[in-house]
Amino acid sequence: MPINEKLFRLLIDNAMVGVYIVDEEQLFQYVNPALTAMLGYTSEEVIGTFRFPSFIHPDDIPLLVHNYQQRLSGEIPSARYEARALHKSGRVVNIEIYGTYVDINGKRSLAGTVIDITQRVTAEQALEELNRTLEQRIATELALSREKDRMVMQQSRFAALGEMVAGIAHQWRQPLNMLGMSVQALQLAHGKGILTAEFMERHTEKSLEVLKYMSQTIDDFRNFFRPETAPRNFRLDEAVERVVVFFTSSVNTIAITTDVQNRATMCGHMNELSQVLLNILNNARDALLERQVEAPAIVVAVTRSDTANLIRVSDNGGGIPDELIDRVFDPFFSTKDAAKGTGLGLYMVKSIVEKSMKGTVTVRNTGTGAEFTITLPFPGADDCGVERKGEHT
Ligand SMILES: Nc1ncnc2c1ncn2[C@@H]1O[C@H](COP(=O)(O)OP(=O)(O)OP(=O)(O)O)[C@@H](O)[C@H]1O
Ligand SMILES: [Mg+2]
């Protein structure tokens, strides 16, 4: 069936892409409705009046003219390129042009199609911009997160320092009283004229003993909080006992029980585990004292499952409200007033357990109180190697 001009016309008038014909001077001879819609003009306004470059962004005109001349001179039969057109409203329309040289009634002309690619170009530009700024944004975020880590470390050091000072202060209260009384007794005896050499000797000896104990306390606390550098082998149950003894020395109203069913060795930093346990124990103490529980008790159990060593700390302090329990490991989450809690305790616990000990820590309410479980999966770092020999001989 021969396809006549009418059919062609119908197709082009209804085409979804813009279609044009321009003459040798680039004057529009024909534009279809899709193209006029794209540019915001009517075909009457365009045909015979406008030249192709009138619609093109000034910066892209040289490219257009170049392509046009190449085709008109027969250098290339067709060209496909992108340019920016200007809508009647002044808005930029990104277009892709496919133009071909044609001979119409012996006259050199160009016919072509135009599609609107604004959406694609905008998306590409956004992507480019994103890529360009991504590196910068990652660097900024990294710096921010490092700064946050540094602040958290700083705060946790202060917290440890506070812990140490509070511990020493607690241990010193009694001996300071004793020293005070001893000095008063000397003064009193001297005033009454009964200060014998023997009396003097006894009091001095006693005072020196007390001072020695006080000095020892400083060393104990220093050692407890001193950061270790190289990982060492240590027994989980021994680490737990050490913390419990330390904790009991400052808290004597709470019944603390240890339940050791696993004497596994692990390789790492014992002081880190001490910090972890101490934070959990301190929280239990706070809950028990704050809620004035009648028979306050804490149980620390060292056990194992088929796949991991487990340390479990449970208390009977009433537990954590359900709506808060998911947030207790978040940094700066605290229900205590600013003087009592920074909200970094459990955040530190989580980061030490996960990053340094390659384990996990979870919490649940038992009905009577909170229960924290530290899971240290096998085959974990249970042997530092080199040291083992020395340790077992
Ligand atoms: N054993 C527990 N019983 C009840 N609530 C607890 C217990 N342990 C933790 N919490 C809750 O979790 C919160 C967060 O604990 P976390 O140790 O992170 O911070 P904090 O104790 O408030 O302050 P910080 O430890 O920094 O001094 C506590 O404020 C408390 O509300
Ligand atoms: Mg705490």
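Arg364 is partly exposed, with 45% of relative accessible area (buried means under 20%, exposed over 50%, and partly exposed in between, using a 1.4 Å probe and protein chains only). Its side chain meets that of Glu371 in a salt bridge, 2.8 Å from N to O. A salt bridge here is a side-chain nitrogen of Lys or Arg within 4 Å of a carboxyl oxygen of Asp or Glu. Glu371, for its part, counts as buried at 11% relative accessibility.

A quick word on the ground rules. This is a predicted model, where local features need pLDDT of at least 70, side-chain atom pairs count only at pLDDT 80 or more, and totals for chains, interfaces and linings use all residues. Residues are numbered from 1 along each chain as its sequence is written, chains are lettered from A and ligands numbered from 1 in the order in which they are written, and side-chain values use heavy atoms, with hydrogens and water left out.

Back to the charged pairs. Side chains of opposite charge can pair when their charged atoms come close. How many salt bridges does the rule give? The count comes to 18.

| Pair | N to O distance |
|---|---|
| Glu82 and Arg120 | 2.6 Å |
| Asp286 and Lys336 | 2.9 Å |
| Arg364 and Glu371 | 2.8 Å |

Take the salt bridge between Glu82 and Arg120. This pair links distant parts of the chain, 38 residues apart: Glu82 sits in strand E3 (residues 78-86) and Arg120 in helix H5. Helices (H or I, at least four residues) and strands (E, at least two) are DSSP runs, numbered from the N terminus. Both ends are partly exposed, Glu82 at 40% relative accessibility and Arg120 at 37%. They also belong to a network of salt bridges that links Arg80, Glu82, Glu96, Arg120 and Glu124.

Now for Asp286, which forms a salt bridge with Lys336. Here too distant parts of the chain are linked, 50 residues apart: Asp286 is in helix H8 (residues 270-290), while Lys336 lies in the loop between strand E10 (308-315) and helix H9 (345-356). Asp286 is buried, with a relative accessible area of 11%, whereas Lys336 is partly exposed at 24%.

Helix H5 covers residues 118-192 and is also the place of Leu130. With a relative accessible area of 38%, Leu130 is partly exposed.

Met178 and Lys206 are 28 residues apart in sequence and 9.2 Å apart in space, C-alpha to C-alpha.

Finally, the domains. The chain is divided into domain 1 (5-116), domain 2 (140-221) and domain 3 (229-392), with bounds from an automatic or database domain assignment. Between domain 2 and domain 3, there are zero salt bridges.
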